[in-house]
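Please look over the structure below with the briefing beside it.

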Amino acid sequence: MKKISTAFLLSVALAAGASQAQERFSPYVPSEQGNVERMLKLAQLRDDDVVVDLGSGDGRIVLTAARMNRKLRGWGVDIDEKLVKESNATAAARGVADRVQFHHRNAFDADVREATVIAMWLWPEMQLLLRPLILAQARPGTRIVTNMWDLGSWRPDEEDFDGPRVCLWIVPARVAGNWSWELPIAGHRVAYAAITEQQFQVVEGVVRAGNRRELLQDVKLRGEDISFTLMMTLEDAGFARHVFRGKVRGDVIVGTVSVSLPPHEKTLELPWRATRTADSAYFAPTGTNIY
């Protein structure tokens, strides 16, 4: 196929309205090899990776990944049966057919639950249409890499501008909701009730302990790893600085918390286990007796 310029692709994509047929969003254009390697370097390939290409074309993304790391596995899907056959033939010729396969399948019918890296170079509309599938199926921590186009309001975790834009996203754990936990501080079991809101990897939250409420600060979510800071006055303990770090395991977060207490900044290192709950004590009556 004749090489098509980035400028031409951009002009065509801008001309194609979101109301047009899905087929208009997925013509085959081979990726430039240099950009493929940049995408995979941004993904930081590991031995145990499963690299999946949605819209694999001539297979070069998965085949390049298999060359860059000789232990990982990968597969691709494409709606063009001829390209799928050619890709499988290339995998056999390169001696990687035991680790790399290509399937004649619609990208919307792909099961990406086992994927650890998902690659796409599709029209921006197609990538947005596939975004719900990825978020519904992919495990927290799965890396997504794209060439040129992004994923709309889901902002990249990392970007490479050394050439056409290459982006990386980390699928975030689902942390929105009500959370509760207890900590042994100053001879008491202090109960915390938190509420978190989430927009992809961006998280905000509030927490209550006793009759005081505070904001969660510096919340970071990368895959299943979460951390945040809480500055709060506790009954019988005074002003305390908490630094939480943990891993999200479905409806449980398991990790540690460092609690710095006055008067000489004594620091407690404590295990932390938070549980997602249907209701929250955050909303219980407060009264006027604020300590």
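Two strands are taken to pair if DSSP finds at least two bridges between them, and helices (H or I, at least four residues) and strands (E, at least two) are DSSP runs numbered from the N terminus. In that sense strand 14 (residues 238-249) and strand 15 (residues 252-261) pair antiparallel over nine bridges, and V248 has I253 in strand 15 as its bridge partner. This is a predicted model, in which local features need pLDDT of at least 70, side-chain atom pairs count only at pLDDT 80 or more, and totals for chains, interfaces and linings use all residues. Residues are numbered from 1 along each chain as its sequence is written, and side-chain values use heavy atoms, with hydrogens and water left out.

**Overall fold**

- The protein chain contains five helices and 16 strands, and 47% of its 291 residues count as buried (under 20% relative accessible area, with exposed over 50% and partly exposed in between; 1.4 Å probe, protein chains only).
- Nine strands form an open antiparallel sheet in the order 11-10-9-8-16-15-14-13-12, with strand 11 (212-215) and strand 12 (217-222) as the edge strands, each pairing on one side only.
- Of the contacts (heavy atoms within 4.5 Å) between residues at least 6 apart in sequence, 56% join residues at least 24 apart.

**S56 and helix 3**

- S56 lies in the loop between strand 1 (50-54) and helix 3 (60-68), and counts as buried because its relative accessibility is 5%.
- Leaving aside neighbours within four places in sequence, S56 is in contact with G76, V77, D78 and F102.
- The buried residues of helix 3 are I61, V62, L63, T64, A65 and A66, and their cover includes helix 2 (33-43), strand 2 (73-78) and helix 4 (81-93).

**Salt bridges**

- A salt bridge here is a side-chain nitrogen of Lys or Arg within 4 Å of a carboxyl oxygen of Asp or Glu, and the count by this rule comes to 18.
- R60 and D58 meet through their side chains in a salt bridge (2.7 Å, N to O); R60 is partly exposed at 25% relative accessibility, and D58 is partly exposed at 22%.
- E86 forms a salt bridge with K82, their closest N and O atoms being 2.5 Å apart, and the two are separated by about one helical turn because they are four residues apart in helix 4.
- K82 is exposed, with a relative accessible area of 56%, whereas E86 is partly exposed at 36%.
- E224, D225, K247 and R249 are linked in a network of salt bridges.
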